[in-house]
Number of protein chains: 6
Amino acid sequence: MRPSKRQAGDLRPVSFQRAFSHHAEGSCLIKFGNTHVLCTASLEDRVPPWLKGQGRGWITAEYGMLPRATSDRTRREATTGHQSGRSQEIQRLIGRSLRAVVDLQALGERQIMVDCDVLQADGGTRTASITGAWVALHDCFQWMRARDMLRGEPMKDNVAAISCGIYKGEAVLDLDYPEDSDAEADANFVFTGKGQIVEIQATAEKGAFSEERMAELTALAKKGIAELVNLQKLTVL
Amino acid sequence: MRPSKRQAGDLRPVSFQRAFSHHAEGSCLIKFGNTHVLCTASLEDRVPPWLKGQGRGWITAEYGMLPRATSDRTRREATTGHQSGRSQEIQRLIGRSLRAVVDLQALGERQIMVDCDVLQADGGTRTASITGAWVALHDCFQWMRARDMLRGEPMKDNVAAISCGIYKGEAVLDLDYPEDSDAEADANFVFTGKGQIVEIQATAEKGAFSEERMAELTALAKKGIAELVNLQKLTVL
Amino acid sequence: MRPSKRQAGDLRPVSFQRAFSHHAEGSCLIKFGNTHVLCTASLEDRVPPWLKGQGRGWITAEYGMLPRATSDRTRREATTGHQSGRSQEIQRLIGRSLRAVVDLQALGERQIMVDCDVLQADGGTRTASITGAWVALHDCFQWMRARDMLRGEPMKDNVAAISCGIYKGEAVLDLDYPEDSDAEADANFVFTGKGQIVEIQATAEKGAFSEERMAELTALAKKGIAELVNLQKLTVL
Amino acid sequence: MRPSKRQAGDLRPVSFQRAFSHHAEGSCLIKFGNTHVLCTASLEDRVPPWLKGQGRGWITAEYGMLPRATSDRTRREATTGHQSGRSQEIQRLIGRSLRAVVDLQALGERQIMVDCDVLQADGGTRTASITGAWVALHDCFQWMRARDMLRGEPMKDNVAAISCGIYKGEAVLDLDYPEDSDAEADANFVFTGKGQIVEIQATAEKGAFSEERMAELTALAKKGIAELVNLQKLTVL
Amino acid sequence: MRPSKRQAGDLRPVSFQRAFSHHAEGSCLIKFGNTHVLCTASLEDRVPPWLKGQGRGWITAEYGMLPRATSDRTRREATTGHQSGRSQEIQRLIGRSLRAVVDLQALGERQIMVDCDVLQADGGTRTASITGAWVALHDCFQWMRARDMLRGEPMKDNVAAISCGIYKGEAVLDLDYPEDSDAEADANFVFTGKGQIVEIQATAEKGAFSEERMAELTALAKKGIAELVNLQKLTVL
Amino acid sequence: MRPSKRQAGDLRPVSFQRAFSHHAEGSCLIKFGNTHVLCTASLEDRVPPWLKGQGRGWITAEYGMLPRATSDRTRREATTGHQSGRSQEIQRLIGRSLRAVVDLQALGERQIMVDCDVLQADGGTRTASITGAWVALHDCFQWMRARDMLRGEPMKDNVAAISCGIYKGEAVLDLDYPEDSDAEADANFVFTGKGQIVEIQATAEKGAFSEERMAELTALAKKGIAELVNLQKLTVL
């Protein structure tokens, strides 16, 4: 029995609030239950130095968490002097996931910086970030299209992410914090709208686990991501 | 004529949303027009080293801004390696303002950390922060009172803040960003509910200005802060 | 009764030593009693990036304190890895105060960096810094004039600063350290030679204070700054 | 055809040199072809603060690369002021992998710090690090056993790691640098001696890839890790 | 011919101003010509962690330079985020030199921190620092003796320092900046009052130099340091 | 009697392993007994900004130590946020020593970065670094000569370094760690192949020492460095 009373294959309630941010070219407040992430896409008229003169654009991401997004207050990263290894790992994952479904040629020599800031955390902040960031990016492309700034269609597919894990011996979908902190294994999946693999990160938290378990987790993730992709499509209709 | 069509003595629409944050002991999303600040109060069972063993508590604050809270994206402070001088200046002001109306003896040896994070900025983020932080702090005290953690009433008065400035030769209340960036003088006032002075910071932006002008700004501020204090009282009724 | 036996409206003994520094284009060792600040003005043949190509100059300031300027040794900022929030706040104030009385067009595309380094501290380091920095800047302009580097007169007026406070219930001028650390309120005033307001920073240190008190502090400051401006004029005769 | 002429399922030549380091309790220089990593295990008589008083030990890891381990010199991390996100991500992976096969109770309240320093890099530095670190850790335990410092057997199983990828459309084992920089997908696998999963990290480098592909990569990894585990066993015989 | 018209074996005019600093237990403003260094000795009631419980004291030093001590303004170390390698090298030398003539047992478990801050630089700042620091330390010991804080006499001998170099083919004493920046070799000598060696640092600046040259430099240094020690003795008479 | 049973004038066994590093233009693993340093020379097609357009090259060095090169593990410099003062002092010495025997004109506008990384430490890491770095640099020049990149011969002479010290009252050559940590005086000598002085750094560790002692140390160093230079010549034959 899951602490939230959900069935093994149930997502938490998911919602997308587009245009949450006044200034950003695209933005989305995504909620996976009590996990709330504000995703903004900022268009910048430059590319990283190593990409200059190649006619292609770039998409990158940064991830942060408000100090009291968590149950106990976390020290503000600006006062520790650097981003944690965890923050850097997550933001690199977000960037790779988005780039997997974008045609960077269509952007021209421009960069889109996607910021994912966790206002409230209850497990799954990286998967919510990727899923919400896709919407923010979609709306940024729409903003650019309206200004005739695109060469062709940059968005080739949807991308969304979900976590699965083995909790009390059972494979379950979309771990919340109480489950995450007690799981035997924890895996994050990033798939495209067509169900192709973009990224899999599976970690044993207590000893190791079998290939059969991995197959169960993968099956749950496919189902969950298909639902998230449907919700993305409804959101940007 | 102000860009927002407001009269010289008009505040922007102000709203307070209590309990915005799931985890914090007290929290408030305050809006001064398009300036939105999330204020959370986090109770910690410790005091700064220099206060140990004195039986008194402490209240301090931190201030931050999401990268795309601003019209052009601002670099994330966690990646620059430190808080800006501006952030530090503002958070010290917020802390001083709150402590001016609190009886620290009543807290016992505990610290309350107030985080003010700007989700969206349109001028006046420090004054909105102070005004909203008071509500978050009030609710944190309520949380403590319900758990019988207080020795007497710590909150001695309201405290609120507003900016005034000289814009196109006229004294106006509650500058928004377009006014702020073009003002001849800019002043921030922090007053108690009884109308006493907690802090005044007045700055000439173009040359210098007269004492008469300062008196006009002060009068506007008194009026504006009285309105804000009324709204605080309605909010926590 | 003030610890120093001064009357409420008395400044400490003030002295200016011009050309203290061999290398700087302008320099002044200013003393407000036991507070000694070395101010140097360094002419640089560049402007900040955001000012390039506009034909105007810039004046900025940095503030520091020798480790044993204080009663207890303070940790050297170079070993803490950054300037304190307090140092940054003060140096921004010094820069703003000087720019308020300078015509930046007359400088051409050049920057003057004013360094205020506290050799010995006894309260009022920021007000001494501003008052001495004006002399260093004046002498830097003189150096430039002798080399025909100025387009017209850059110095439009004097600027000087003084602190006032409420000490043992009485409004007093030019707080020294023992008064400053026990004051009920503390205010710094920066006025021009003509008596116009450049900056006011008033802070309640214990509770809050009334508008009448603020008026008393302002009156004392006017008197004190008028005396400082006279001394500046005598110094640069 | 692979640049190195290897078959799709071939490892590079692998060697382990135990006791490379004079001072460390356990050490191993591991080579996967031209990738050379020095792994040292340092026993420390303390545990992280959050583990104090629980009677258990801890194993953690740090990862670094000599500046000219790479084809073009990389900037020394000590001069950039922090470890890169990549270094932090890898060292967290090494630590998790080792802990998955160790009984931390058997260590008592002690920490083992495993340093993996890349002397020369040609792809696969993280997988070589994990595989070599197991040997260094094994020898550290042997050192402790000889001094009667262990409560029971801490090493429950072997752990080893290998990368696989899709290179020119074909699934291949143990990518070297030329393959790695041109692969369509890249996956790192960490398995125990019994063939259980400790960690899987699979990333699409160009678009996305299918579940069938993932299955091929997993099969190759199982074969490669079985070979590595055999070599570990021969090494510590 | 030296730029300053001095003879090869001439020191610059040397002066010591004791008790320059109001707060420090001992202080000295030392001048070697246009090189001016403020040395303060601060008594602290603690020792470094590795010295605790051994009944001995410690003496250490920090070195800094005001930004405009130099001909061109140098960037403030507090804003660069760390002390330069040069500053650290010099302050370690000052600390070692002082400890060579002090009986640390006589201090008890206390630390003296000597700060050497260069107000104005014209070559030889490290040698002036050591020579002036000895006076500051002497006066700190006097302060302690007056309060009966010493166990016996901590100061066993004088210590002073001077630079020599090969300038335009000739060995000269006490290089000023124009000589220093054009010398073929540059050596710093730290000797005790009895003429024993505490430290020698000799560096070829253009190619290498012979042992005979080294002997000439050493002879000059002995003469110069003997003069400085005499001046120290006259100063603290 | 020395702990290692060596005679006073004996070096430890010395060996040079050229081309240790696959990628570097020149490299050498040098061993002075149990002190092992990997020296790599990296050719870069740029010079420091202050040298641009002058037609000359530059040689610089960086020094590091693996965390477990030492008897007790040392904290990784990348995690402390900066290089230690000691590391910076050593790398500046290595760079100066190499430049003393190189004609920088012959390099053209190119920089060679020499990295000296200590794999294992037992005293004398700086002298081993200099001695090995000369071989790495020699081989880098050979690599350049083969590609016709040099204007004339850049290497004008050999350079090597050794430490000497006063241990238990006797002058001894090439201190190992147990001697170094208990020596009364410690001196590092850098001489050219022709026996000229490049650098001398002599430090009293306990009190001070006489000129006669210094002469003994210098004589030992001459002998030792002559042996090292011979070994360098045999190595690069």
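A salt bridge is here a side-chain nitrogen of Lys or Arg within 4 Å of a carboxyl oxygen of Asp or Glu. By that rule, twelve salt bridges cross the interface of chain B and chain A in this predicted model.

Begin by selecting B:Asp115 together with A:Arg73. These two residues form a salt bridge, with 2.6 Å between the closest N and O atoms. Then widen the view to polar contacts in general: 22 residue pairs, both members at pLDDT 80 or more, are in polar contact across the interface of chain B and chain A.

Next, colour chain B by its secondary structure. Strand 3 (35–44), strand 4 (58–65), helix 1 (77–80) and strand 5 (111–120) are the elements of chain B that each give two or more residues to the side touching chain A. By residue class, that side of chain B comprises 14 nonpolar, 14 polar and nine charged residues.

Now display both chains with their surfaces. In contact are 37 residues of chain B and 37 residues of chain A. About 2700 Å² is buried between the two chains, and carbon and sulfur atoms give 49% of that area.

Finally, turn to chains D and A. Chain D is superposed on chain A by a rotation of 180 degrees with 0.0 Å of shift along the axis, at an RMSD of 0.0 Å. The two copies are therefore related as by a two-fold rotation axis. To locate that axis, select D:Gln201, whose C-alpha, at 2.2 Å, comes closest to the axis among the residues of chain D. Of the interface residues of chain D, 100% are also interface residues in chain A, so the copies meet through the same surface.

Methods:
Residues numbered from 1 in each chain as written. Chains lettered and ligands numbered in written order. Predicted model: local features only at pLDDT ≥ 70, side-chain atom pairs only at ≥ 80, totals over all residues. Heavy atoms only, no water. Contact = heavy atoms within 4.5 Å. Buried area = accessible area lost by both parts, 1.4 Å probe. Polar contact = N/O pair within 3.5 Å; in protein donor to acceptor, adjacent residues only side chain to side chain. Helix = DSSP H or I, 4+ residues; strand = E, 2+ residues; numbered from the N terminus. Nonpolar A, V, L, I, M, F, W, Y, C, P; charged D, E, K, R; others polar. Least-squares fit on C-alpha atoms with pLDDT ≥ 70 in both.
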